[in-house]
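Trainee: I am new to this structure. Can we go through its inner spaces and its packing together?

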Amino acid sequence: MGLKHLLTNYWWGILIGILLLIILAFIIANLQMRWKISREVELLMNVSEQKKEEKESRLIIEKDLEILPKPVKKWLKYVGVVGQEKIRTVTFSQRGKMRLDPKQEKWVEAKAKQYVRVDEPGYLWHVDLPMIPVVHIKGRDLFYEGKASIEIRIGSLIPVVNVGSNKKVNESSLHRFLLELPWYPTAAIENYITWEALNKQSAKAILSYRGISVEAIFYFKEDGELSRIESLRYKESDKEAERIPCIGEIKGQIIVDGLKIPHRIDVTWIIDGKAFTWYKLENFDIHMDRK
């Protein structure tokens, strides 16, 4: 029985076999990515009993805020950190609308999960984007011990982006941690953060960790509520990449475990002087673990 005969008479069976192999490949890749994320969550979030004992567990008092600039102190009191323990880890789900290019008119619905380590800056964010019918795009963004890793795959199988640790991506990832600090506001008094007063309604935060230093400006309303955060941050990681403005505008807030935190934020890049809002997000199912 020749190859021509097989192709002529059993083409449908061969086609089904190929499709099944492709489906199987995507299923295996999805399982592998889930296993990888599970391992990274465990690595990021688990703290040894020895480290827990080394961390002082007590309530935050007003004296802890004394050295802070007035607008930062007012904000933290508004948020409700006094009388609370410091946050060690945060987990939450996320939904929103995303655009990956300024020319992209249609917004894509995004679903994500994020794990954040607060006592030592770190996070893991993985996202699901239904940009292609049936097959989704999966993204993963990890920052751990000062090193970043970003990965985007079609259906968990076909790599589109795979950026390992380098100076620019590490800095940009630490910038992200700082820009998202309002989700875990007790980080504002951690040892890795210092503050500089700018005026009555703004202050600069400087975060230094494992040889990397980043900064962002926090803008507050008169009552102490945070309105937006801005920084100069790398959007890309190639040799030609330069820092450009990245802005987080707070659009809503909720109370979680006694803390008033933002849960709806618009994220905008300023590219060649033009605003490109690429992500409108909402956090929910938020869980905080204290020291």
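What follows is a short exchange on cavities and cores in this predicted model.

Trainee: How many cavities of 30 Å³ or more does a search of the whole structure find?
Mentor: The model is predicted. The search covers the whole structure and keeps cavities of 30 Å³ or more. The count is two.

Trainee: What volume does the largest cavity have?
Mentor: Its lining includes W75, Y78 and V79, along with P182 and P185. E225, K260 and Q253 are among the lining residues too. The volume is about 70 Å³.

Trainee: Which helix and strands each supply at least two residues of that lining?
Mentor: By class, the lining has nine nonpolar, one polar and two charged residues. Three elements each supply at least two of the lining residues. They are α4 (70-79), β11 (243-256) and β12 (259-271).

Trainee: How many charged residues are in the lining of the second largest cavity?
Mentor: This cavity has a volume of about 50 Å³. R117, E120 and E145 are in its lining, and so are L44, P121, G122, Y144 and Y209. Arg and Glu count as charged. The class count gives four nonpolar, one polar and, for charged, three.

Trainee: Which residues touch the most other members of the largest nonpolar core?
Mentor: That core has 62 residues. Leaving aside neighbours within four places in sequence, W75 is in contact with L181, A188, F220 and L226, among others. Another core, of six residues, lies apart and includes V41 and L44. In the largest core, the residues touching the most other members are W75, Y184, W195 and F218.

Definitions and conventions
Residues are numbered from 1 along each chain as its sequence is written. This is a predicted model: local features need pLDDT of at least 70, side-chain atom pairs count only at pLDDT 80 or more; totals for chains, interfaces and linings use all residues. Side-chain values use heavy atoms; hydrogens and water are left out. On a 1 Å grid over the protein atoms alone, a cavity is a set of points where a 1.4 Å probe fits but cannot get out, and a pocket is an open set with protein on both sides within 12 Å along at least five of seven lines; lining residues have an atom within 4 Å of a point. Grid points are joined across faces, edges and corners, and a volume is the space filled by probe spheres set on the points. Helices (H or I, at least four residues) and strands (E, at least two) are DSSP runs, numbered from the N terminus. A nonpolar core is a set of buried Ala, Val, Leu, Ile, Met, Phe, Trp, Tyr and Cys residues joined through side-chain atoms within 4.5 Å. Buried means under 20% relative accessible area, exposed over 50%, partly exposed in between (1.4 Å probe, protein chains only). Contact means heavy atoms within 4.5 Å.
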